[in-house]
Amino acid sequence: MLFPPCAAIASAAPILQKDKAVAGAYVIELDNLAYSYGGGELLSDISLRLTPGSFHFLTGPSGSGKTTFLKLCYGALVPTAGHALLFGKDVRQMDRDEIAEIRRRVGVVHQDCQFLDHLTVAENIALPLMVSGRDVAAEEVNLKELVAWCGLTHRADALPPELSGGERQRAALARAVIMSPDIILADEPTGNVDWEMSERLLSLLVELNRMGKTVMIATHDLGLIRAAKTRVQARVLRIAKRRLQLAGADL
Amino acid sequence: MKLLSPAVLLRGEPQADRVVPPTGFTARLTLFAAAAMTFLAVFALALSLATGRLASNWSEELARSSTLRISAPAEQIAAQTEAALQVLATTGGVARARALSREEQQALLEPWFGPDLPVDSLPIPQLIEIIEDAQGYDPDGLRLRLAAEVPGAVLDDHGRWRRPLVKAAGRIRSLGLLSLLLIGAVMGAMITLAANSALAANAQVIAVLRLVGARDDFIARAFVRRFTFRAFWGAVLGMGLGLAALLALPEAQAEGGFLTGLGLRGWHWVWPFVLPPVAAMVSFLATGGAARRMLRRLA
Ligand SMILES: Nc1ncnc2c1ncn2[C@@H]1O[C@H](COP(=O)(O)OP(=O)(O)OP(=O)(O)O)[C@@H](O)[C@H]1O
Ligand SMILES: [Mg+2]
């Protein structure tokens with residue numbers, strides 16, 4: 001079985017349907033957005049609207065700003081010009097508590113998966129539950145299933161620094177989806193894993209997308225994009241010359 | 001921020017607190033600061049309470065008594081004493097007046113001159129003890145009357161030397177209370193430093209917690225609870241040591257008169273037990289402030 005029989009994710013289905021009912025609402029809306037770290041503009045004049053349930057890939061040369069773009073999409077960075085609206089609300093008007101709420105609705109797999117090194121892998125995966133005040137003990141079964149699906153059962157009690165690169169990425173993905181978020185942003189989620197594991201990670205993301213979740217994956221891996229295109233209607237965005245373009249059918 | 005319940009204080013809140021890694025150095029610093037400061041606070045407290053007791057003893061007991069001294073040639077002493085007692089009997093505010101017997105006078109002099117002093121052969125003035133009633137008498141009026149009727153009488157109303165002593169005791173007491181405040185402030189400052197250092201050392205942890213959706217409140221609470229918990233138990237330790245040291249003090253002798261020991265008396269023993277909750281409160285406020293400032297800065 002490829003997809004985790006994860007009740008935590010399945011239980012979110014009614015909520016997602018409610019989201020879909022709000023026709024025309026965008027989960028992420030970028031409007032003439034630009035970003036600069038202080039030097040010249042890294043990203044310019046970017047407009048994009050993500051509808052609930054869409055599936056996107058984000059590509060571009062190294063250093064083109066993919067990670068930066070994703071950070072703008074989950075409120076870690078505030079655009080230097082233009083607007084970024086998450087769930088209809090402008091990031092610029094959010095206080096830190098609202099950003100925290102956004103993080104619970106947006107699961108992020110970071111390129112440099114950061115964990116709390118003094119907690120076990122299982123505790124790290126459960127961390128979003130813990131910080132949002134959910135009863136971790138009550139979700140024990142879901143947690144176990146998710147850990148098992150990611151192939152981390154035998155490493156569940158290990159500490160993050162003891163994991164391999166691929167194990168870290170699997171743990172990061174598990175942590176990103178445990179809250180059953182509306183949006184999943186994955187930054188090079190298959191950078192360190194073999195093809196079989198890439199396939200499994202992709203399958204999870206595709207399955208989550210089928211349940212109505214919006215997915216965006218930043219990757220260099222053209223093979224992964226091709227594999228996804230056979231299963232899901234995925235659009236490919238490309239960052240080139242500071243702009244965001246919709247890549248053609250050449251992939 | 002939600003207030004900490006005492007139960008949470010005592011057992012911590014294991015699940016949420018574990019998100020902050022144990023930090024040996026700041027833990028020890030907090031524990032040490034709380035223990036040392038509470039130890040000192042026990043003594044400042046004992047000092048304040050003892051001087052308070054002293055001051056009230058002096059003003060209460062001594063205010064009610066004064067002494068009339070009659071110095072006259074030996075053959076006139078008896079007559080003048082009689083006259084003085086007459087005057088006192090008719091003075092408003094005097095409850096009782098009594099001439100001290102020879103034995104009593106000898107007992108009073110004994111500490112200074114030894115038991116072998118031949119009191120009989122010395123021209124020792126006669127002492128009359130005056131006990132005031134609640135209103136008290138007017139010392140100046142009494143002096144005028146005595147000057148007219150008993151030329152050899154000198155009234156010593158004790159106020160002259162008692163008042164500066166009571167005032168000094170009052171000052172010592174305020175110094176003790178000031179010390180308590182300073183001790184609390186220093187403890188708060190040290191715990192703030194420890195908390196700041198812990199927060200700074202855990203910037204990475206805070207970043208990860210924020211990435212997974214932790215609110216400032218959650219992060220601050222994890223730190224605050226930990227420091228409050230440590231400060232409380234550190235203070236309990238310091239209080240225990242302070243009380244043990246007080247108990248080990250030699251008992252002040254009852255015959256010490258108005259001198260009184262530094263130890264605690266009666267229900268005053270309750271006061272030191274107030275210190276650990278106060279230390280926990282100081283730590284709660286200090287770390288809460290530090291955490292909120294630091295979290296704003298790390299935003
Ligand atoms: N915090 C920062 N301060 C200044 N410059 C930064 C910062 N983060 C990234 N940059 C720069 O911005 C550019 C884009 O970085 P970004 O990480 O978004 O690229 P990327 O497309 O994700 O690259 P890769 O494919 O290698 O992950 C790079 O040149 C990087 O050096
Ligand atoms: Mg990147």
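Modeller: A salt bridge here is a side-chain nitrogen of Lys or Arg within 4 Å of a carboxyl oxygen of Asp or Glu. The model is predicted: local features need pLDDT of at least 70, side-chain atom pairs need 80 or more, and totals for chains, interfaces and linings use all residues. Residues count from 1 along each chain, chains are lettered from A and ligands numbered from 1 in written order, and side-chain values use heavy atoms, without hydrogens and water.

Biologist: What makes R49(A) and E29(A) a salt bridge?

Modeller: Their side chains come to 3.5 Å, N to O. That is within 4 Å, so the pair qualifies. R49(A) sits in strand β2 (43-50) and E29(A) in strand β1 (28-35) of chain A, 20 residues apart. Helices (H or I, at least four residues) and strands (E, at least two) are DSSP runs, numbered from the N terminus.

Biologist: Which residue forms a salt bridge with D182(A)?

Modeller: R105(A), with the closest N and O atoms 3.0 Å apart. D182(A) lies in the loop between α8 and β7 (183-187) of chain A, and R105(A) in helix α4 of chain A, 77 residues away. Over all chains, the search finds 19 salt bridges.

Biologist: How do you know that β1(A) and β4(A) pair?

Modeller: Pairing needs at least two bridges by DSSP. β1(A) and β4(A) (81-86) share 5, in the antiparallel sense, so they pair. One of the bridges sets D31(A) against H83(A).

Biologist: Why are β2 and β5 of chain A edge strands?

Modeller: The open sheet of 4 strands runs β2-β1-β4-β5, with antiparallel pairing. β2 and β5 (89-90) each have a single partner strand, so one side of each is left without a neighbour in the sheet.

Biologist: Which strands does helix α4 of chain B lie across?

Modeller: Helix α4 (74-89) lies across β1, β2, β3 (126-132) and β4 of chain B. It runs at about 10 degrees to β3(B). Contact means heavy atoms within 4.5 Å. Angles run from 0 to 180 degrees between N-to-C directions of lines fitted to C-alpha atoms, for helices over the stretch in contact.

Biologist: What is the strand order of the sheet in chain B?

Modeller: β2-β3-β1-β4, an open sheet with antiparallel pairing. β2 (94-99) and β4 (153-156) are its edges. β1(B) (65-70) joins β4(B) by 4 bridges, and L68(B) stands opposite L155(B).

Biologist: How many cavities of 30 Å³ or more does the structure hold?

Modeller: There are 2. A cavity is a set of points, on a 1 Å grid over the protein atoms alone, where a 1.4 Å probe fits but cannot get out; lining residues have an atom within 4 Å of a point. The largest cavity has about 120 Å³, a volume being the space filled by probe spheres set on the points. Of its 14 lining residues, those closest to the centre are R103(A), G107(A), V108(A), R175(A) and A176(A).

Key:
On a 1 Å grid over the protein atoms alone, a cavity is a set of points where a 1.4 Å probe fits but cannot get out, and a pocket is an open set with protein on both sides within 12 Å along at least five of seven lines; lining residues have an atom within 4 Å of a point.
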